[in-house]
Structure formats: C-alpha cells, structure tokens
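Please look over the sequence and the 3D structure below. The briefing that follows takes them topic by topic.

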Amino acid sequence: MPVLIPRSLDVAVEMASSHPDAHILAGGTDLMVEVNFNHRKPETVLALRHVDELRGWTIDAATRTVHIGSAVPFSEMEHGALSEALPALAEAARTVGSPQIRAAGTIGGNLGTCSPAGDSLPVLAAMEATVHLRSTSGERAMPFAEFMTGPKRNARRGDEIITGVSMPIADGWQGYAKVGVRNAMVISVASACLALQSTGPRLALGSVGPVIIRCHDAEALVADRPGAVDAALAAEFGRLAAAASSPIDDHRSTAAYRRHAVSVLAGRLLQRGTARP
Amino acid sequence: MNEHYTLRVNGVERDVCDSWIGESLLYVLRERLDLPGAKGACEQGECGSCTVFVDGAAVCSCLVLAASAVDAEIATVEGLNPDGTLTDVQEAFVREGAVQCGFCTPGLVMAVHHLLDAEPEPSDLQVKEALSGNICRCTGYGRIFAAVDAVIARRRDAAR
Ligand SMILES: Cc1cc2nc3c(=O)[nH]c(=O)nc-3n(C[C@H](O)[C@H](O)[C@H](O)COP(=O)(O)OP(=O)(O)OC[C@H]3O[C@@H](n4cnc5c(N)ncnc54)[C@H](O)[C@@H]3O)c2cc1C
Ligand code: FES
Ligand code: FES
C-alpha cells in the first residue's frame, strides 16, 4: 500500500519507522510541486492529514507557552487567539503565498523544507522556539537554532515526525517584515523578525544566509534602552543587522541588495516597536 | 505502482482505478473523473485556476495528492449548482464582462464563493487579498472586482 494514511500519531510514528523511505506529506505545497515537475517520484507517501494530534494548538496560560502542532496551516495563525499570542507569527503567516497556499501549507512543512526564505522560521528563531520530534525510539526536543543546520537541511532523522513547536507567549511588541518583488505570492528576498520580549530584544533574519541568523550585536545595542528610538539608533541597529548577515547572489536578488534591504527592515521594525502611540 | 481508491466529489463517491501514486487531485478530476472545470496552468500553486474546496478550504487541487484526499469532502465548480444553472457569482461574472478567455474563471468563481460565504461584506482590500492567489492574464481585474461588488450588492438587497 503505497499511500499510508495513519489516523493517530502512534500509528504515524510506527509507519515512519517501518517505511523510512516514505515521503512525509503535510499540506503538499512544497512536495507536490516537486512531484508535478518530476523532481521526485515517490514510491511511498505518508500523509498526515488525518492525524488529529498534529492539527491542534494550545496556549498554556500557566507556563505562558504556545504549542503549535506541525500540521496547523498558516491560515489558522493569521487570526484569533493564536495571532494575539504571537503577533509576529500572524504577520509572517499572512505573507505566505496566497490564501490557497496558506490554507494548505503548514508550519511543520516550513520546518521540513527548512528554506532560509521560510517565513515562519525567523519568528521561531527570534522566539527561541523548541522543535518537537517523535519516532519509535521516543521524543526529541531541540532549539530551532540547532534544528536548522543549513539551506534546506535540518537535524530531523529519517524515521522522525516533526510533531510541533513550542515557544513563549509574546510579552512585548513583536513584528515581522519581508521584502519581495510584489505584495502577494512572493518568496522573500530578505526578511526580519523583531521580538521585544521582557527578557530582552531578539532579532532574527531570513533569506540572508544559509540558516536563519540571530543578531546578538544589534540586540545588545538596544538591550538597555527603553523608550523611543531616534533615526540614528535605528540606522545603527540596521547596520549591525546587515553586518551579521551573509547573503548570496541568486535568481531572486543580489547579496548587496539583500544586505541593504535587511538593514532597512531591522531599523524599521525597531522604530515601529518602540514608537509610543 | 497502481492505486485504487475512492474520492467523494460533489457529494458522490467516485472510484479511481489504476492511478499512479503521485497524481494530483487536479489530474484525477480532469483526466479520470471527467470533471474538467478546474483548470491546470502552472501546476505549482501560483495561478489558482485549479482551485477547489477540500473539507471546506479553498486550495489548489494541483498541490493535493489525490490518493491522500480519501475521506474528504471535495467540491468543484461543477458542483456549485448541480442542475447546471449559474450561481449568482457566475451570473455576475458574465454580466460584468469579467470573463474574457475564461481560463481563470472557474478558479476565481470558487475563490469568490469561498470569500463571500465567510465574509458577506468584505472591504476592497479583503477582496484583493482573497483573490491574490488567482491570476488572470486578460481582464486586468477591474471587471472581476466589479462582478464581486455586484454580487455583494445583490445579496445585500435580497437580504433586506
Ligand atoms: C505558490 C507557492 C507560494 C509559496 N509561498 C511561500 C511563502 O511566501 N513563504 C514560505 O515560507 N513558503 C512559501 N511556499 C512554500 C510552502 O508553502 C511552505 O514551505 C509550507 O510551509 C510547506 O508546508 P506543507 O505542509 O505544504 O509541506 P509539504 O509540501 O507537505 O512538506 C514539505 C516538506 O516537509 C516535510 N514534512 C512536512 N511535514 C512534516 C512533519 N510533520 N514531519 C516531518 N517532515 C515533514 C515533507 O516531507 C517535505 O519534505 C510557497 C509554495 C507555493 C507552492
Ligand atoms: S494549476 Fe494549480 S495553481 Fe496553477
Ligand atoms: S479571462 Fe483570460 S485569464 Fe482571466
């Protein structure tokens, strides 16, 4: 039986272990493009659409933690309680593809693909999210920064299913910004997430390096400066972000433009986040 | 490897025999189930001409693995009005001149129905965002937005 459709996580994990060659399928928005263009010819597919345990999310008020199942689609992050708990994730989700892509594409698929342009990933990096994996040998959890090991590379073993991500609820302003050639249906040329958590500011950059890049120098610059930010400080914040980036020239843009764009995005996010209403 | 499975399309159980495991729902609908309403242009999720509903969500059928869509409610443009008459959205598209070559129309009609079912009074920005996954090479979109406005106005009048 080449298309495996488990109805529970336990069965899914068993199947992933007994069919290590199976392609795991969530929303299909990455995998099916490869299948349609003959880049992949799957022999066996493990489809997660009926695994209810992966399709839910929870907000735990006691521990102030959000847990998002890997099969939750972007469309569910855009509105409601989840968007209030993690406004930057809602903004990032809203920039993904089109309504049709957001209805199908999942956060687990974004992690599975692990493109440096994956829009949820800078948010996970800034929020220091934990990625949860499961196999027949048990559960593993690791910080997102350890999970993503390179462009389209991650620390998932072949028999593991990504079950979800968890991270703290936003307890300060946060935002996500992205540059692309148009507003809709665009893979980012550069992106940034700034989270002004009570424990300190956190800045993470997408599409400007082989992995998502955290900018500790920029964070340190504004760590002990509450209140409004002037243009000079925002520019310096952006300069430090650009200095931390290591972009390349490719079919979407040039390294020079990406460096410039990410400095503008970082500076803008800082000014937005510290503006007093 | 050959697959045999059953899909529920527009409320009817349909057998799919001898299909290759990697076939998309778009391909199965058009080539195996004689439902050519959903159109295929890009087969990479960019154009929206293949839009169908799967369990109530408007998705690109080119990105759905057909064999994984068992036990789901699939709805295509053919199922909107099974008696073959036009829906109010289709009628407005015709009347407002929103159909030129017509290739994008089935996908757009599905997207508009999906939007107006969830949000009967969308703002212009909401309409643009809701249709941002549907590409039209012909109309320049003005006539399409006019058709959406016409449906909104008509439904508002009918509700009075
Ligand atoms: C037209 C179009 C526009 C797009 N625009 C954007 C965009 O703007 N921003 C963006 O970030 N992405 C974009 N994408 C890419 C894609 O939508 C995202 O990467 C999405 O998150 C993929 O999720 P999925 O559920 O569809 O993944 P799938 O295609 O089902 O899977 C993707 C990969 O992850 C693996 N995988 C999935 N779930 C699991 C799991 N639970 N455990 C282990 N492995 C798993 C799969 O095996 C596969 O290798 C776009 C894609 C298309 C077609
Ligand atoms: S054919 Fe499916 S989106 Fe273009
Ligand atoms: S009418 Fe020709 S593509 Fe829209």
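Helix H6(A) gives the most to the shell around ligand 1, with five residues. Helices (H or I, at least four residues) and strands (E, at least two) are DSSP runs, numbered from the N terminus. This is a predicted model, in which local features need pLDDT of at least 70, side-chain atom pairs count only at pLDDT 80 or more, and totals for chains, interfaces and linings use all residues; side-chain values use heavy atoms, with hydrogens and water left out. Residues are numbered from 1 along each chain as its sequence is written, while chains are lettered from A and ligands numbered from 1 in the order in which they are written.

**Ligand 1 and its shell**

- Ligand 1 lies between chains A and B.
- There are 37 residues around ligand 1. A residue is near a molecule or strand if one of its heavy atoms lies within 4 Å of it.
- Ile24(A), Thr29(A), Asp30(A), Thr106(A) and Asp119(A) come nearest.
- By class, the shell holds 16 nonpolar, 16 polar and five charged residues. Here Ala, Val, Leu, Ile, Met, Phe, Trp, Tyr, Cys and Pro count as nonpolar, Asp, Glu, Lys and Arg as charged, and the others, Gly among them, as polar.
- Thr106(A) brings a polar side-chain atom to 2.6 Å from an oxygen atom of ligand 1.
- Ile24(A) uses its backbone instead: an N or O atom there lies 2.6 Å from a ligand oxygen.
- A polar backbone atom of Ala26(A) is 2.7 Å from an oxygen atom of ligand 1.
- Taken alone, ligand 1 exposes 980 Å², and the protein buries 93% of that. Accessible areas come from the Shrake-Rupley method with a 1.4 Å probe; for residues, only the protein chains shown count as cover.
- In chain A, the elements that give two or more residues to this shell are strand E2 (23-25), helix H2 (31-36), helix H6 (107-113) and strand E10 (161-168).

**Domains**

- Chain A is divided into domain 1 (3-168) and domain 2 (174-274). Domain bounds come from an automatic or database domain assignment.
- The centres of these two domains of chain A, taken over C-alpha atoms, are 24 Å apart.
- In chain A, 26 residues of domain 1 are in contact (heavy atoms within 4.5 Å) with 23 residues of domain 2.
- Chain B is assigned domain 1 (3-79) and domain 2 (88-159).
- For chain B, 22 Å separate the two domain centres, again over C-alpha atoms.
- The contact in chain B takes 17 residues from domain 1 and eleven residues from domain 2.

**Residues to find in chain A**

- Arg134(A) sits in strand E6 (residues 130-135).
- The side chains of Arg134(A) and Asp10(A) are joined by a polar contact of 2.5 Å. A polar contact is a pair of N or O atoms within 3.5 Å; within protein, one must be able to donate a hydrogen and the other to accept it, and residues adjacent in sequence count only if both atoms are side-chain atoms.
- Leaving aside neighbours within four places in sequence, Arg134(A) has contacts including Leu9(A), Val13(A), Glu139(A) and Thr163(A).
- Ala93(A) lies in helix H4 (residues 87-94).
- Is Ala93(A) buried or exposed? Ala93(A) is buried, at 1% relative accessibility. Buried means under 20% relative accessible area, exposed over 50%, partly exposed in between (1.4 Å probe, protein chains only).
- Beyond its neighbours within four places in sequence, Ala93(A) is in contact with Phe74(A), Met77(A), Glu78(A) and Arg102(A).
- Ala220(A) is found in helix H9 (residues 216-222). Ala220(A) counts as exposed, at 54% relative accessibility.

**Residues to find in chain B**

- Ser49(B) is in the loop between helix H1 (25-32) and strand E3 (51-54). Ser49(B) counts as buried because its relative accessibility is 3%.
- Most residues other than glycine have a negative phi.
- Asn10(B) has a positive phi, near 50°. Asn10(B) lies in the loop between strand E1 (2-9) and strand E2 (12-20), and is partly exposed at 28%.
- Phi of Asp34(B) is also positive, near 60°. Asp34(B) lies in the loop between H1 and E3 of chain B, and is exposed at 63%.
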